[in-house]
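Good morning, colleagues. Please look at it with me now.

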Amino acid sequence: MLGFLVRLLPFWIREPLIILVGTVFGVRILFMALVDGEGWVPAVIGAVFLLGAALRVRVVVHALRARRRRAPATEAELEPVTPAPVIPAPVTPAVRRPVEKKPNAFAQASFAIGLFAVIGGALWIEGKLPEDGTAATGASRPAACRLDEDEELPSAYRSTPGVVTGADLCRALNRTELPELLGTPAERSVYASGTDNTAPLTDRKVAQPEARVEFETYTVELSATYNKLTVAQYAKLTTYGDGRDARKLTVLGRPALLTSDHMMKIQFDLGSGEGASGPVEQGPLARTLTVAFDGKDRGGSYDLTVWSESGLLPDDSALVDIAEAVLPRITRGARGQD
């Protein structure tokens, strides 16, 4: 159907359109094959598109030549001419005009192919150029945040003044400099998400948005809990448990607390036969930096947690650096709250 519609177009519209489409598709597919490593099959397909566009260029060139050769007579030539008295003119020697050299169709087609190659090379070089200054640090563009846009916000978010969402936290956390702050500047985020949760055991009355960014080495989580628990009260609670790794400090002029705890590990059998469901197990050790919402510590806090499947953890200074870089950038607006 599309081919039939294309054939209905006039020649001088159809052919340039086919040349343009063939060039764009050919360059793009070649770019995917050469830069993204898609294999030799896309490279052949891209070359076929470019060859077809080059042949169409040759067809247009021949049509232009034929049109010049059979140019229509002008109106002055078609009007009747009144015969004039014949006056013998002096005979002048005929002057041989130099033979006009016709353009070489093969050369023009070769020029078109060369032009396509230049465009492809420009696109390839553009893909290698640094984006937003990230190439200087070895980091790549972070993965896009995955959000539950269709899910309605819990009522706790509408009744809490100044509350942010998981999208807001993910936008602040998922930054290009995050791998460098973690001490792994060559890595890039492979997954990022933001969720609008509520705190457990609160009957969905306490908003607790969360964001997660995953790398090959570390996973980073950022959450905000809008309860009345202060960091000072939380520090006292850690003394009743195993608080040997707890450390009080100040971050951005606010009370903060560093704690360690193990993540939970849950295994499910999805019918593949490769594993069996089991009880909740102890996961890898995680390090959490809890920072109060304000300097007066009037309740509520941000929790920045880092862990890895290997059990390795970055220095505590890395968590402080991440908090100082991320927390000031948390702004409302991802879901249009007013």
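Is Leu-252 buried, partly exposed or exposed? With a relative accessible area of 37%, Leu-252 is partly exposed; here buried means under 20% relative accessible area, exposed over 50%, and partly exposed in between, with a 1.4 Å probe and protein chains only.

A word on the basis of these values. This is a predicted model, in which local features need pLDDT of at least 70 and side-chain atom pairs count only at pLDDT 80 or more, while totals for chains, interfaces and linings use all residues. Residues are numbered from 1 along each chain as its sequence is written, and side-chain values use heavy atoms, with hydrogens and water left out.

I return to the backbone. Most residues other than glycine have a negative phi. Leu-252, however, has a positive phi, near 55°, and sits in the loop between strand E5 (247–251) and strand E6 (254–265). Helices (H or I, at least four residues) and strands (E, at least two) are DSSP runs, numbered from the N terminus. Asp-297 is not a glycine either, and its phi is positive at about 55°. The loop between E7 and E8 holds Asp-297, which counts as buried because its relative accessibility is 12%.

Next, the aromatic rings. How many aromatic pairs does a search of the whole structure find? There are three; rings of Phe, Tyr and Trp (its six-membered ring) pair if their centres lie within 6.5 Å, and planes under 30 degrees apart count as stacked, over 60 as edge-to-face and the rest as tilted. Phe-25 and Phe-49 are stacked, because their ring centres are 5.9 Å apart and their planes lie at 20°. This pair links distant parts of the chain, with Phe-25 in helix H2 (residues 11–34) and Phe-49 in helix H3 (residues 40–69), 24 residues apart. Phe-25 is partly exposed at 45% relative accessibility, and Phe-49 is partly exposed at 33%.

The pair of Tyr-226 and Phe-293 is tilted, at 5.0 Å centre to centre and 40° between the planes. Tyr-226 lies in the loop between strand E4 (219–225) and helix H9 (231–239), and Phe-293 in the loop between strand E7 (281–292) and strand E8 (301–307), so the pair ties together parts 67 residues apart in sequence. Tyr-226 counts as buried at 17% relative accessibility, whereas Phe-293, at 21%, is partly exposed. Together with Tyr-302, Tyr-226 and Phe-293 form one aromatic cluster.
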